Structures are given as C-alpha cells and as structure tokens.
Amino acid sequence: RASSTDSTDNTISTEPTLEQTLTAAAYVKNQLDSIVNSGRRDMSSVSQQEMLLNDLHSIASTLLEYDANSEAAVLFRYSLEVFDPANIAVRERLSAALRAMGSMEESARELYRVIHTLEEEINSQDQMGMVGADTGESLSWLYLDLGGLIEEMQP
C-alpha cells in the first residue's frame with residue numbers, strides 16, 4: 001500500500017504506444033490487401049473495406065500525433081492509390097504528413113490537388129444551386145494553408 005507521501009503515478013495509460021499503433025496499421029493494411037487481392041465485391045466485403053479504411057485513417061492520424069510522419073504518409077498514400085484517389089480529407093492529411101517531414105514541394109502539390117478537387121465540387125454544386133457557405137470557407141482555409149506553405153518554401 002502506498003503512503004500518502006508516495007508521489008508515484010500508478011495510473012494506467014489507455015493510449016496505444018507507437019509500437020502498438022504500427023502493429024495495428026500493419027494488421028489493418030493486411031486485411032485490406034486480402035480484400036483487394038481476393039477480388040470479392042459483395043456487400044459484406046464492401047462494408048468491411050469501409051470499416052477498415054476508417055480504421056486505417058484513424059491509425060495514420062494517430063501516427064501523426066507520434067510524429068511518425070513517414071509511416072502515416074505511407075498509409076495515406078496506400079489509401080489514395082488503392083481505394084479512393086479523390087478523397088480530399090485523406091489527401092489533406094497526406095499533405096500535412098509531408099509538410100511535417102520537410103517535403104514542402106510535395107506537400108504543396110497535394111494541397112493544390114485538394115484545392116482543385118474542391119473547386120470542381122463547388123463548380124458542379126453551383127450549377128445545381130447546392131453550394132454551401134462551409135464549402136467556400138473550407139476552400140479559403142486551404143488557400144491560406146497553401147500560401148503559408150509557399151511562404152515557408154520561399155520566404
């Protein structure tokens with residue numbers, strides 16, 4: 001039994017370690033690879049794929065918190081290349097990982113692709129009269145991010 005003067009912290013952390021996060025990433029990626037390689041396209045595999053992709057994105061975001069930026073970038077690229085190249089949220093996170101790694105030009109290219117895709121979405125929504133203010137605001141923030149990135153590259 002600890003005394004009242006004992007200052008040790010006996011709380012158990014529920015946060016995964018970097019090693020556990022990397023292990024989870026490898027497991028999820030293997031599961032996704034097996035779905036892709038099996039060629040199954042029934043509803044259960046599509047649903048499982050969506051859940052696994054959500055897990056993969058969450059794990060990659062956690063890796064960013066650990067400053068494991070290159071590992072996160074690999075997962076984001078995998079998601080974009082194999083499953084959904086038009087996913088602007090994943091592409092934006094890839095840009096953040098690249099920026100943290102010091103790959104400024106590549107980060108800027110990815111961020112520009114996000115802006116370009118979002119502009120195309122806005123234009124198509126505008127033609128249907130469905131543009132929301134939040135979409136324009138998001139685009140403005142992305143332009144500010146790109147401007148800041150360019151400023152870092154060329155002060």
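**Ground rules.** I am working with a predicted model, in which local features need pLDDT of at least 70 and side-chain atom pairs count only at pLDDT 80 or more, while totals for chains, interfaces and linings use all residues. Residues are numbered from 1 along each chain as its sequence is written, and side-chain values use heavy atoms, with hydrogens and water left out.

**Whole chain.** I looked up the secondary structure and found 6 helices and 0 strands, where helices (H or I, at least four residues) and strands (E, at least two) are DSSP runs numbered from the N terminus. Along the sequence, the pattern reads α-α-α-α-α-α. Of the 155 residues, 28% count as buried, a term that I use for a relative accessible area under 20%, with exposed meaning over 50% and partly exposed in between (1.4 Å probe, protein chains only). The chain exposes about 10000 Å², of which carbon and sulfur atoms supply 51%; these areas come from the Shrake-Rupley method with a 1.4 Å probe, and for residues only the protein chains shown count as cover. For contacts (heavy atoms within 4.5 Å), I noted that residues 24 or more positions apart account for 55% of those with a separation of 6 or more.

**Cores.** Next I looked up the nonpolar cores, each being a set of buried Ala, Val, Leu, Ile, Met, Phe, Trp, Tyr and Cys residues joined through side-chain atoms within 4.5 Å. The largest has 22 residues, among which Leu32, Leu56 and Leu75 touch the most other members. Helix 1, helix 2 (43-65), helix 3 (69-82) and helix 4 (88-101) are the elements that give two or more residues to this core. A second, separate core has 10 residues, including Ile122, Leu139, Leu142 and Leu146.

**Leu75 and Ala25.** Leaving aside residues up to four places away in sequence, Leu75 touches Ala25, Lys29, Leu56, Ile59, Ala60 and Leu63. I then turned to Ala25, which lies in helix 1 (residues 18-38) and is buried, with a relative accessible area of 5%. The C-alpha atoms of Ala25 and Leu75 are separated by 7.9 Å, although the two residues are 50 residues apart along the chain.

**Ser138.** Is Ser138 buried, partly exposed or exposed? I found Ser138 in helix 6 (residues 133-153), and its relative accessible area of 35% makes it partly exposed. Between Ser138 and Ile115, 23 residues apart along the chain, the C-alpha separation is 9.3 Å.
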